[in-house]
Structure formats: structure tokens, C-alpha cells
Amino acid sequence: MALSFAIIGGGWYGCHIATSFRALGFNVTIFEQHQRLLHGSSGNNQFRLHLGFHYPRHYGTRIQSRDGFSRFVERYPGLSSPVPQNIYAVPKNDSLIDFLTYKLIMTSSGIEFRESPTLPDFLSNVEGCLHTPERVLLLEKARQYFTQRLGPFLVTDHRVESIDDRPGGVYVDGRRFDYVVDASWGHFIQPPIDLFFEPTLLLYYEANAPFPAVTFVDGPLCSVYPTEDPTLFTLSSVPHTPLGRFNSARDARAVLDRVDTALVTDKARLMEEQIKRYIPAFSDTFRFVGPQLAMKTKPLGSFDDRSCYVYQNGRIFSVMSGKIDTIFFATERILSMLEAAGKDEAVGKESSSLRAEIVNVDRLPAAV
Ligand SMILES: Cc1cc2nc3c(=O)[nH]c(=O)nc-3n(C[C@H](O)[C@H](O)[C@H](O)COP(=O)(O)OP(=O)(O)OC[C@H]3O[C@@H](n4cnc5c(N)ncnc54)[C@H](O)[C@@H]3O)c2cc1C
């Protein structure tokens with residue numbers, strides 16, 4: 001009989017794992033506490049299909065992104081679209097690394113880019129920039145795609161309250177499954193690593209004319225990135241987007257619940273001031289629309305690791321999500337952990353059979 005999986009969380013990770021497991025013939029039930037899929041961070045982020053350019057300080061993340069990008073485009077061809085002009089710019093004095101080092105890191109990681117001989121004239125205080133084929137994620141299409149595919153296996157408006165791992169199966173709110181995948185980004189079961197929850201505030205802006213995606217790297221910088229709506233952009237800032245660090249998701253949520261117009265106005269001022277250092281005409285091009293509130297789950301440490309990890313405890317897998325392009329690693333790790341467990345059982349305590357296969361010298365024809 002096919003294995004049964006309960007998947008907790010209908011974000012990008014839960015949806016991808018559920019559709020992949022369905023395709024492999026497993027029985028899947030996906031629980032989402034909200035009424036629709038991609039409601040949490042998966043529906044509230046900068047919608048960038050990363051290629052690795054964001055992570056000059058973490059090799060593993062860069063490589064997962066580089067590989068995940070191509071796999072994403074192949075697997076979900078209709079769920080992202082190209083960004084006509086997508087620029088990563090290294091500011092002259094404020095970046096943690098210089099342009100040449102940045103370029104060498106990307107080259108040595110096998111990440112595709114084009115360098116233009118001249119800098120775009122709307123940029124200021126920039127040492128150099130790369131043009132990249134990074135894409136934008138299409139949220140509404142993704143929601144429709146997964147809702148259509150997972151409809152019969154989806155339990156929405158259901159917040160999972162309990163998991164009970166017993167010898168014969170694992171029980172999710174009383175229902176039995178062979179395995180559970182917690183894809184709640186650490187909100188239900190906390191993965192066994194030191195992590196924190198970061199409430200975030202991005203700002204939506206309307207552009208009065210087409211504008212490129214521009215990301216300033218590396219360090220406490222900012223970016224303006226298009227969305228699926230060609231007139232709508234997000235403005236994000238490394239120092240100003242986070243609203244604190246918390247040990248529990250509940251404390252982080254409380255901060256989001258208290259966000260008021262004074263805070264949003266203040267953040268808009270700070271973020272606009274910051275980006276105008278590099279795009280002086282920002283205020284002539286963009287009009288503030290409103291904030292986007294979300295939450296990140298991050299590993300502790302200043303090493304900038306945003307790759308995906310999976311942990312197993314009995315019949316329960318917990319996923320520490322990376323970026324959206326790294327969903328494939330979650331599925332593969334769960335499958336290889338299952339495979340490894342099955343192999344141990346199948347192989348048992350047998351010793352090597354190699355000796356029995358060695359040709360017996362006594363049976364060879366005698367030398368003439
Ligand atoms: C400000 C910001 C900008 C970002 N920008 C980008 C970007 O440009 N590109 C990129 O690739 N990534 C970006 N990210 C990261 C990206 O959003 C995450 O990697 C991704 O959304 C994680 O997906 P997930 O499915 O693990 O988590 P989520 O999308 O958070 O999904 C988890 C789901 O679990 C549900 N859930 C939780 N507890 C329970 C429970 N007990 N019972 C039932 N359901 C439950 C939640 O409701 C939620 O829907 C950004 C994140 C933020 C916050």
C-alpha cells in the first residue's frame with residue numbers, strides 16, 4: 001500500500017512537496033491554517049526567483065540557488081517570468097566587498113551574468129553592475145496551479161494542534177499517517193538548530209514608467225524589485241525591513257500586529273533616503289502604495305546561510321526552508337532519508353557477498 005504523508009503548511013514548500021509526493025504515488029493530505037494556499041511568507045515576499053547573486057558570502061546557498069533556478073523554470077514554466085532588465089549593483093563605499101571580488105565569486109560559482117561597459121545613468125555612487133537573468137515569481141498563477149492540483153488533498157482553515165508519533169504510525173490531530181512533513185517554516189515544530197523569527201516590513205510602490213530591478217550588494221543595502229503586476233514594485237532594505245529578532249513566532253507575530261501608520265511612514269522615509277543615495281530619481285519615478293508584512297525564520301549566525309535543510313525525528317520530518325528556488329532540496333532530502341531507512345532494513349546485517357563471487361582458481365583450465 002502507498003505510504004501516507006501529512007504535510008503541515010500550504011506555503012511554497014508544503015505545496016511543492018505535496019505535488020511531488022502525489023506524482024510518486026504517495027497518499028498526501030496537506031493542512032493549512034488559512035483559507036488559501038501561499039498565504040504566509042510565500043505570498044508576502046520580494047518574489048525574486050534567486051539565482052545566487054544575493055549570496056556572495058555563502059557558497060552552499062549560491063549553489064542551491066543556481067541549480068534550483070534552472071530546475072524551477074523547467075518544473076514550473078508558467079510560474080515565473082523574465083525581468084527585462086535585472087541589475088545587481090555594487091556601491092562604491094557602502095558594500096562589504098568590492099565589485100571585482102563580487103564578480104569573481106559569481107564567475108567561480110558558474111552563475112550566468114553580463115557586464116555592461118557603462119553604468120546605467122540613473123545609478124549613482126556605484127562601482128560596477130551585472131545584468132542577470134533572474135526572474136520574478138508569479139504568485140496568483142502559483143496559487144491557482146497548486147489549488148487545482150492539490151484540491152482533493154487539501155484541508156484548509158485547519159490549524160494542526162497535535163502530533164503523536166507512535167510505533168504503528170504518526171497521528172495528526174487524531175488522524176493516522178505513515179509520516180509527517182512539517183513545512184510550517186519552524187512555526188509548528190522548531191527544527192533542531194538555533195534560529196530566530198524576524199517580522200518584516202517591505203514597501204509596495206507604483207512606478208509611472210517601466211523600471212529595471214535593481215539590487216545593491218553586498219551588506220546592509222537595499223533593492224527595488226518588480227512584481228507580477230508590471231506597475232507594482234517592492235522596496236526592501238537590509239537594515240530597515242526587519243522589525244526585530246524573536247525566539248518565538250508568537251512574539252514576532254505580536255510585533256506585526258502592532259505595526260501602525262507612524263512606523264510605516266518612518267520606514268518609508270528611511271528606505272527612500274537609503275535608495276536615493278544610489279537612485280537619486282526614486283521619488284520622481286515611484287509612488288508609495290502600502291506596506292507588506294511577513295515573517296522570516298532564520299538560522300542564528302552572521303554567515304548568511306539561506307540554504308534548505310531537513311531534519312528527521314522518527315516519522316516526522318521538519319523542513320528548514322531556504323529560498324523558494326530551493327524547494328527541490330527539501331523533497332530530495334526527505335526521499336533520501338526514507339530511502340536510507342528502507343535500505344538499512346532491506347540490507348539488514350548481511351556481510352559482504354563479494355567472496356562468493358571471486359572466480360575459483362582451481363576451476364580455471366590448467367596452463368598449457
Ligand atoms: C520580506 C521577505 C522577503 C523575501 N523575499 C524572497 C524572495 O524574493 N525570493 C525567495 O525565494 N524567497 C524570499 N523570501 C523567503 C520566502 O518567503 C520563503 O523562503 C518561503 O516563503 C518559505 O516557504 P514555506 O512554505 O517554508 O513557508 P510559508 O510560506 O511561511 O508557509 C508555511 C505555512 O504553514 C502554515 N502553518 C503554520 N503553522 C501551521 C499549523 N499549525 N497548521 C497548519 N498550517 C500551519 C502557515 O499558515 C503557512 O501558510 C522572503 C521572505 C520574506 C519574509
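Predicted model: local features only at pLDDT ≥ 70, side-chain atom pairs only at ≥ 80, totals over all residues.

**Exercise 1. Describe the whole chain: its elements, its extent and its surface.**

Solution. 
- Step 1: Begin with the elements. The protein chain has 9 helices and 20 strands.
- Step 2: Turn to the extent. Along the principal axes, the C-alpha atoms fill a box of roughly 85 × 65 × 35 Å.
- Step 3: Look at burial. A residue is called buried if its relative accessible area is under 20%.
- Step 4: Finish with the surface. The accessible surface is about 18100 Å², and carbon and sulfur atoms hold 53% of it.
- Step 5: Now consider contacts with a separation of 6 or more. Residues 24 or more positions apart make up 75% of these contacts in the protein chain.

**Exercise 2. Work out the strand order in the open sheet of 3 strands.**

Solution. 
- Step 1: The order is β3-β8-β4, and the pairing is antiparallel.
- Step 2: Next, find the edges. β3 (48–49) and β4 (80–82) are the edge strands, since each pairs on one side only.
- Step 3: Zoom in on one pair. β4 and β8 (residues 135–137) are antiparallel and share 3 bridges.
- Step 4: Ser 81 has Val 136 in β8 as its bridge partner.

**Exercise 3. Explain why strand β14 is largely enclosed by the rest of the structure, and find strands that pair with β14.**

Solution. 
- Step 1: One partner is β18 (residues 286–299), which runs antiparallel to β14 and is joined to it by 13 bridges. Here, Phe 196 stands opposite Lys 298.
- Step 2: Another partner is β17 (residues 232–237), also antiparallel, with 4 bridges to β14. In this pair, Tyr 205 stands opposite Phe 233.

**Exercise 4. Characterise the second largest pocket by its volume and lining.**

Solution. 
- Step 1: Start with the volume. The second largest pocket holds about 260 Å³ of space.
- Step 2: Count the lining. There are 16 lining residues, and Pro 84, Phe 211, Pro 226, Pro 230 and Phe 233 lie nearest the centre.
- Step 3: Sort the lining by class. It has 12 nonpolar, 3 polar and 1 charged residues.
- Step 4: Link back to Exercise 3. Phe 233 lines this pocket, and Phe 233 in β17 also stands opposite Tyr 205.

Note on methods
Residues numbered from 1 in each chain as written. Heavy atoms only, no water. 1 Å grid on protein atoms, 1.4 Å probe; cavity = no way out; pocket = protein on both sides within 12 Å on 5 of 7 lines; lining within 4 Å. Points joined across faces, edges and corners; volume = space filled by probe spheres on them. Nonpolar A, V, L, I, M, F, W, Y, C, P; charged D, E, K, R; others polar. Helix = DSSP H or I, 4+ residues; strand = E, 2+ residues; numbered from the N terminus. Contact = heavy atoms within 4.5 Å. Areas by Shrake-Rupley, 256 points an atom, 1.4 Å probe, with all protein chains shown as cover. Pairing = 2+ DSSP bridges. Buried < 20%, exposed > 50% of the residue type's maximum accessible area, 1.4 Å probe, protein only.
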